[in-house]
Amino acid sequence: MAAIFSAVCACCGKRFEGSPSYAFNEPLHYLCLSPEEQQTRCELNSDFCIIRHDAQTDYFIRVCLEIPIHGLPEPFLWGVWVSISEKNFKRYADTCDTPDEADSYFGWLSNEIPSCAETMKLKILSHPRRNNQRPWIEIEPSDHPLYHDWKNGITEEQAQAMMLKLMHRNES
């Protein structure tokens, strides 16, 4: 059976097959801190991040941004972080194992997505899901290119180009 998505890098010849996806391990806010601050001010795991500042505390959850790919059954999946209020963070943390799918949490996108206009602080709504799945997000309507990709989808060629660029993102 053929993979639903396949791309070959013209530079290195590596082949990527499978559902295209990329995940950020932490919100950008975390990366902006020194290693010492990360150790003393932050709590971070694969789903939650809390950053304590002198005057405030920031709360983040990891979610899924799904960009439809025209003609393919699976979306381009971004594992991103969003900042939400303390109240919503506590509600989500308390109910994430048995979420009320009617809940939604307003927040702000907290990662910069490569090859896209500035994505930090795009307004979003996150929606919890059952079966230990991370919440999915919808982007508030705007003129931002990421909103248009989320709403209208992208071509397979666009998805391939993005995946190939991401394959070499962390190489020096």
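**View 1. Ser110 sits in the loop between strand 8 and strand 9 (123-127) of this predicted model.** Is Ser110 buried or exposed? With a relative accessible area of 1%, Ser110 is buried, because buried here means under 20%. Setting aside residues up to four places away in sequence, Ser110 touches Pro27, Leu28, His29, Phe60, Trp81, Val82, Ser83 and Met120. One of these partners, Pro27, is the subject of the next view.

**View 2. Pro27 lies in the loop between strand 3 (21-23) and helix 1 (28-31).** Pro27 has a relative accessible area of 0%, so this residue counts as buried. Which residues does Pro27 meet once its neighbours within four places in sequence are left aside? They are Leu44, Cys49, Phe60, Trp81, Ser110 and Asn111. Take Phe60 as an example: Pro27 and Phe60 are 33 residues apart in sequence, and 7.4 Å separates their C-alpha atoms in space.

**View 3. Helix 3 (residues 86-95) has a buried side made of Asn88, Phe89, Tyr92 and Thr95.** Why do these residues share one side of helix 3? Around the axis they cover an arc of only 150°, which places them on the same side. Turn to the face directed away from the buried side, and you will find the exposed residues Lys87 and Asp94. The cover over the buried residues of helix 3 includes strand 5 (48-52), strand 6 (57-67), strand 7 (76-84) and strand 8 (105-109).

**View 4. Helix 5 spans residues 156-167.** How far apart are the end C-alpha atoms of helix 5? They are 16 Å apart, which agrees with the span of 16 Å that its 12 residues should have at 1.5 Å a residue. To explore the buried residues of helix 5, look for Ala159, Met162, Met163, Leu164 and Leu166.

**View 5. Stepping back, the chain has 5 helices and 10 strands.** Of the 172 residues in the chain, 41% are buried. The chain exposes about 9800 Å², with carbon and sulfur atoms supplying 48% of that area. Among contacts between residues at least 6 apart in sequence, 54% join residues at least 24 apart.

Terms used. Residues are numbered from 1 along each chain as its sequence is written. This is a predicted model: local features need pLDDT of at least 70, side-chain atom pairs count only at pLDDT 80 or more; totals for chains, interfaces and linings use all residues. Side-chain values use heavy atoms; hydrogens and water are left out. Helices (H or I, at least four residues) and strands (E, at least two) are DSSP runs, numbered from the N terminus. Buried means under 20% relative accessible area, exposed over 50%, partly exposed in between (1.4 Å probe, protein chains only). Contact means heavy atoms within 4.5 Å. The expected span of a helix is 1.5 Å times one less than its number of residues. Accessible areas come from the Shrake-Rupley method with a 1.4 Å probe; for residues, only the protein chains shown count as cover. The arc is that of the directions from the helix axis to the C-beta atoms.
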